[in-house]
Amino acid sequence: MSFNNRQKNNRLLLAEISAQIEAYPDLRFQQILQNLNITELDKDVQTGKFPHDITRYSSDKFYEESDKTLEKVKKSYING
């Protein structure tokens, strides 16, 4: 992946996040990221293995490329 494509995708992601901030001013930042599928609950939380405190079990996709993240954000609009 070229730097220019990554930068372009990062800017598109920021635009999506900014739009959500404007549309839903009462949401916390982490809620917005989760609603856009940027961060996700770990599979153990989704299957109910850790129902006592789900806030401790969200995952961060540190190595995920921006184009993959953008793809997930676009899918969240289709499925949401």
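Keep in mind that the model is predicted.

Let's begin with helix H1, which runs over residues 3-23 and has 21 residues. From its first C-alpha to its last, H1 reaches 30 Å, close to the 30 Å expected at 1.5 Å a residue.

Now look around that helix. Which residues of H1 are buried? They are Asn9, Leu13, Ile17 and Gln20. These four cover an arc of only 80° around the axis, which puts them on the same side of H1. Turn to the other side of H1 and you'll find Phe3, Asn4, Lys8, Arg11, Leu14 and Glu22, which are exposed.

Let's pick out a few residues along H1. Take Asn9, which sits in this helix. Asn9 has a relative accessible area of 12%, and it counts as buried because the cut-off is under 20%. What does Asn9 touch, leaving aside its neighbours within four places in sequence? It is in contact with Ser66, Asp67 and Leu70.

If you trace the chain from Ser18 to Ile32, the two are 14 residues apart in sequence. In space, their C-alpha atoms are 9.7 Å apart.

Next comes the inside of the structure. In soluble globular proteins, nonpolar side chains tend to be buried together. Here, the largest nonpolar core has 8 residues: Leu13, Ile17, Ile32, Leu33, Leu36, Ile38, Leu70 and Val73. Where do they come from? H1, helix H2 (29-35) and helix H4 (66-79) each supply at least two residues of this core.

Leu70, another member of the core, is one of the residues in contact with Asn9.

Finally, have a look at Asn37, in the loop between H2 and strand E1 (40-41). Most residues other than glycine have a negative phi. Asn37 is not a glycine, and yet it has a positive phi of about 65°. Is Asn37 buried, exposed or partly exposed? With a relative accessibility of 29%, Asn37 counts as partly exposed.

Notes. Residues numbered from 1 in each chain as written. Predicted model: local features only at pLDDT ≥ 70, side-chain atom pairs only at ≥ 80, totals over all residues. Heavy atoms only, no water. Expected span 1.5 Å × (residues − 1). Buried < 20%, exposed > 50% of the residue type's maximum accessible area, 1.4 Å probe, protein only. Arc of directions from axis to C-beta. Contact = heavy atoms within 4.5 Å. Core = buried A, V, L, I, M, F, W, Y, C linked by side-chain atoms within 4.5 Å.
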